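Me: I have some questions about the words used for a structure. Please set each value against its definition.

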Amino acid sequence: MEIEEDLFQDSHMVQGPDAAQASQDEMTSEIRDIHAAYRKGLAEGLPPETQPRRDFAPYRSSILRHPTKDLHHTDPETIELWSPAFGHQDVHALESDLTIQHNGEPLGERIIVKGRVLDGAGRPVRNQLVEIWQANSAGRYIHKRDQHPAPIDPNFTGVGRCLTDEDGNYAFTTIKPGPYPWKNHYNAWRPAHIHFSLFGTDFTQRLVTQMYFPGDPLFALDPIYQTITDAKARDALIATYDHNVTAHEWATGYTWDIVLSGSNRTWMEDEDAE
């Protein structure tokens, strides 16, 4: 699975304020000004923005990573020569439980995440390959570039996948991830989140997004989350605690639906910007 390299810049290496780095207060001020301008535009009749801005100055690396030229169509058959393949026989039911992949139990809060994958008309998207990856409970990825001083859990790799059923349902059992530092600015921290990857009918139709947890105090401070200038669209990335999903003496539960198209479409990362 692909993971954004930005997420592994170890800001713990910075021992003091760097004159070249903005402070969190400066970053928050930039975000506030952009959002105020967006709300002013809405009041003047501009259409709402449901997707993230490709060039969002507070998200520093987006300045270098967003497309600056027209996009080009690719040949799907050529792409698939270099892509993996999957089918029902290749995705085992146990792959959706990230807590049983090793010899021992992982550390942290065990959670169940369920939801539906829907099209713009609210119809279920069946047999959709859904992949997730995430940090462990201490905010550490199993990745060579993640070197911040949080412990690696030998019993948690942080990746899983499943196929949606006939009603578009997916479900994962995992550990609630922790927040982690990154080098976007001085003392920058990402809110706890889980990455979701969804495939359509072929591998040229991959969509990637992130699910967040309710009540996180880092939301207002995070430039990636705040690239979505519309508050309603941002809120759609936050899962809902669902006591009916919670398992007795085993795991807390969350629900989060993913809408692939239409006006209520879930925010998706722009792969062309990576």
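Reply: In α1, Q24, M27, T28, I31, I34, H35, Y38 and G41 are buried. The model is predicted, with local features needing pLDDT of at least 70 and side-chain atom pairs 80 or more, while totals for chains, interfaces and linings use all residues. Residues are numbered from 1 along each chain as its sequence is written, and side-chain values use heavy atoms, without hydrogens and water.

Me: What makes a residue of α1 buried or exposed?
Reply: Buried means under 20% relative accessible area, exposed over 50% and partly exposed in between, with a 1.4 Å probe and protein chains only. On the other side of α1, D25, D33, K40 and A43 are exposed, so each of these is over the 50% limit.

Me: Why is the span of helix α1 said to agree?
Reply: The expected span is 1.5 Å times one less than the number of residues. For the 20 residues of α1 (24-43) that gives 28 Å, and the end C-alpha atoms are 28 Å apart, so the two agree.

Me: Which residues touch the most other members of the largest nonpolar core?
Reply: Of its 39 residues, they are Y170, F172, I194, F196, M211 and W256.

Conventions: Helix = DSSP H or I, 4+ residues; strand = E, 2+ residues; numbered from the N terminus. Core = buried A, V, L, I, M, F, W, Y, C linked by side-chain atoms within 4.5 Å.
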